[in-house]
There are 6 protein chains.
Amino acid sequence: MFSVTVRDHMMIAHSFRGEVFGPAQRLHGATYVVDATFKRTALDADNLVVDIGRAAEQLHAVLAELSYRNLDDEPDFAGLNTSTEALAQVVADRLAERAQDWGLDALVVTLHESHVAWASYERPL
Amino acid sequence: MFSVTVRDHMMIAHSFRGEVFGPAQRLHGATYVVDATFKRTALDADNLVVDIGRAAEQLHAVLAELSYRNLDDEPDFAGLNTSTEALAQVVADRLAERAQDWGLDALVVTLHESHVAWASYERPL
Amino acid sequence: MFSVTVRDHMMIAHSFRGEVFGPAQRLHGATYVVDATFKRTALDADNLVVDIGRAAEQLHAVLAELSYRNLDDEPDFAGLNTSTEALAQVVADRLAERAQDWGLDALVVTLHESHVAWASYERPL
Amino acid sequence: MFSVTVRDHMMIAHSFRGEVFGPAQRLHGATYVVDATFKRTALDADNLVVDIGRAAEQLHAVLAELSYRNLDDEPDFAGLNTSTEALAQVVADRLAERAQDWGLDALVVTLHESHVAWASYERPL
Amino acid sequence: MFSVTVRDHMMIAHSFRGEVFGPAQRLHGATYVVDATFKRTALDADNLVVDIGRAAEQLHAVLAELSYRNLDDEPDFAGLNTSTEALAQVVADRLAERAQDWGLDALVVTLHESHVAWASYERPL
Amino acid sequence: MFSVTVRDHMMIAHSFRGEVFGPAQRLHGATYVVDATFKRTALDADNLVVDIGRAAEQLHAVLAELSYRNLDDEPDFAGLNTSTEALAQVVADRLAERAQDWGLDALVVTLHESHVAWASYERPL
């Protein structure tokens, strides 16, 4: 199995609902450093999983729709806790739509919320 | 599949038995930067794999039982080489006991012994 | 010259005023991975610049006063752009108050806002 | 499942053929920071997946055959795009030959081409 | 003293002349992960050293003139060893021209050539 | 001012004396990831601060004298706390002896003891 990963980031505000979140129930924010991994069992005619420039461009487009926003105000997330793992799925699903014709087998998205915590979501394509 | 990872560290002394270890047969030590990854196929009612604070707390408790010790003197490791990969299993198994009611599917523990070497152990839960 | 650095982090929401900030004028947020460097020309009687545990504890206390908050609502920052470099000074000045009896010569605080951007403030003590 | 990873690097020149590569069709180069991961379901008699020194030595030998070279001039790669993912397979296959008697189950090789892009190849052993 | 740093990268081919360089006398290449640090004694009216977006844009423009090229063919470097430290000065001097009206006091450019080696050049502005 | 940095590591056991050290008074150990920075105001005839291979070789030789040892048993450190900052000075002074004819102006040695703590010592040459 081959994979290619590209890294970008987004900066958002949000808050959580539920006692388990403690002080994170207050409005705060995060930088998510985002790694998108594209998986494929065989390389294409150019000897690639995906062109790194093309992959970076599409990841950037997905993150631009989320970045510099208060996620508490986004209709897509109404009533949902936008946890790191839940956002990893959102980014992966949106990226999967853009990459559905790329001949990929799977996609993994990892969001690093600090130097000591990160979360991932993996899905087939 | 979703995952959440938290990072912490421990500092220990130990020595190895066996010619393959060369100078590492002498008493020396290591900082292990430890990543614990919790895996789950679906998110819980709070949209989480596990609360990051709770995960960090339990990992810290497991590492506190090992850190600032000479592992050669610990009865649990008598007659055993406490290699990085063997310690990854020890940390994973002890953490699994603490996390057995968390609804998880698997656990991965990675111990980084330097900027150029690390080891992992993955187990179901 | 000797130095000791400890790392921690904080997660905040804020917005900026001024056209130069573009989309960052909207309410958003950031994780700041924070490095505090303590400088001293000679070591103390224990052969230390500062005990790493004590340094980490005081840095954590300073960050706890800022973390999980919307800085736009904090009276201390009313009318100010809480840029990464400006927050580096806030953290450094607050830490300097706590460390004023530690025999230090200088303090540097670096805030990493992503994997591609960070800012620092250095001051004497 | 246990794994051990060692890190090294190589520095090469090359060019790509195909419009998708844009400016990378010109002769340029790359540093690849290379992670080789050795996987095994059970530890050996020394409580190891593989001795880290031995693993590092063999990875270094494989990379020495590629490093400080213009890959466009290497007969092994005639007519091939030496993409990051294709080179990950080359390194993995060459390392697999050297490690075939080590009792391993699988091998993963990751080549980091920058702080924002990397590629991997995983194969059984 | 305040500073802001932005990170980007470039990928080049080159060779060195002189026995001290050993195998690096052959045509090879490198990825340089480049950090540009802008220093200023006081913040501007927006509470900034420099807008991070603007700094990133100018660094990217400087690197685009060097990236995806064989430096041995560039007239600017004829007869010169394009060592990491020499290239750090080239990037710093070119960036200084673009930033001369930004009210800065100094500029530092660091080029990381691998996970185990990097070089810097600092100059006043 | 120009600088070149090379990275290596060492693994040691030791203990500390003094109540401030808490559990670190017990025999334990550390991996120190060591960065040695060589500074020079002008480049040499090869356009270098120092050849990276030569610098790496000398740093490795200095660390080999300390690594895989219990520093509590080393006569050089009898009665001394081998804190991270004190060891940074030891490494810097030993490296300075080896580099005294290299035309350098200063030397900085940084020892990383974990992902959240490191210490440095800078001296002229």
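This report walks through a predicted model, from its cores and strands to a helix, a loop residue and the salt bridges.

## Ground rules

Because the model is predicted, local features need pLDDT of at least 70 and side-chain atom pairs count only at pLDDT 80 or more, while totals for chains, interfaces and linings use all residues. Residues are numbered from 1 along each chain as its sequence is written, chains are lettered from A and ligands numbered from 1 in the order in which they are written, and side-chain values use heavy atoms, with hydrogens and water left out.

## The nonpolar cores

Let's start on the inside. The largest nonpolar core has 113 residues. For the term itself, a nonpolar core is a set of buried Ala, Val, Leu, Ile, Met, Phe, Trp, Tyr and Cys residues joined through side-chain atoms within 4.5 Å. Buried here is under 20% relative accessible area, exposed is over 50%, and partly exposed is in between (1.4 Å probe, protein chains only). Phe38(C), Phe38(E) and Phe38(F) have the most contacts inside this core. A second, separate core has 111 residues, and Ala86(A), Val62(B), Met11(C) and Leu104(D) are among them.

What does Phe38(C) touch, leaving out residues up to four places away in sequence? Its partners include Phe2(C), Val4(C), Val6(C), Val49(C) and Val50(C), as well as Leu95(C), Trp102(C), Leu104(C) and Leu107(C). A contact means heavy atoms within 4.5 Å.

Helices (H or I, at least four residues) and strands (E, at least two) are DSSP runs, numbered from the N terminus. Two strands pair if DSSP finds at least two bridges between them. Strand β1 (residues 2-14) of chain C and strand β5 (residues 117-124) of chain F run antiparallel, joined by five bridges. Phe2(C) has Tyr121(F) as its bridge partner in β5(F).

Within chain F, β5(F) also runs antiparallel to strand β4 (residues 106-114), with eight bridges joining the two. One pairing there is Val108(F) with Glu122(F). With two residues between them, β4(F) and β5(F) form a hairpin.

## Helix α2 of chain C

Helix α2 (residues 84-98) of chain C has 15 residues and reaches 21 Å from its first C-alpha to its last, close to the 21 Å expected at 1.5 Å a residue. That expected span is 1.5 Å times one less than the number of residues.

Why call α2(C) largely enclosed by the rest of the structure? Because 11 of its 15 residues are buried. Among them are Thr84(C), Glu85(C), Leu87(C), Val90(C), Val91(C), Arg94(C) and Leu95(C). The cover over the buried residues of α2(C) includes β1, β2, α1, β4 (106-114) and β5 (117-124) of chain C, together with β1 (2-14) of chain E.

Most residues other than glycine have a negative phi. Asn47(C), though, has a positive phi, near 70°. Asn47(C) sits in the loop between β2 (28-40) and α1 (52-64) of chain C, and at 19% relative accessibility it counts as buried.

Over in chain D, phi of Asn47(D) is also positive and near 70°. Asn47(D) lies in the loop between β2 (28-40) and α1 (52-64) of that chain and counts as buried, at 19% relative accessibility.

## Chains that stay apart

Chain B and chain C do not touch, and their nearest C-alpha atoms are 12 Å apart. Chain D and chain F have no contact either, with their closest C-alpha atoms 12 Å apart.

## Salt bridges

How many salt bridges turn up over all chains? The search of the whole structure finds 42, each being a side-chain nitrogen of Lys or Arg within 4 Å of a carboxyl oxygen of Asp or Glu. In chain E, Glu122(E) and Lys39(E) meet at 3.2 Å, N to O. This pair links distant parts of the chain, 83 residues apart, with Glu122(E) in strand β5 (residues 117-124) and Lys39(E) in strand β2 (residues 28-40). Glu122(E) is partly exposed at 32% relative accessibility, and Lys39(E) is partly exposed at 21%.

In chain A, Glu74(A) forms a salt bridge with Arg69(A), the closest N and O atoms being 3.9 Å apart. Glu74(A) is partly exposed at 23% relative accessibility, as is Arg69(A) at 22%. In chain F, Arg69(F) and Glu74(F) form a salt bridge with their closest N and O atoms 3.9 Å apart. Shared partners also join Glu65(A), Asp76(A), Arg94(A) and Arg98(A) into one salt-bridge network.
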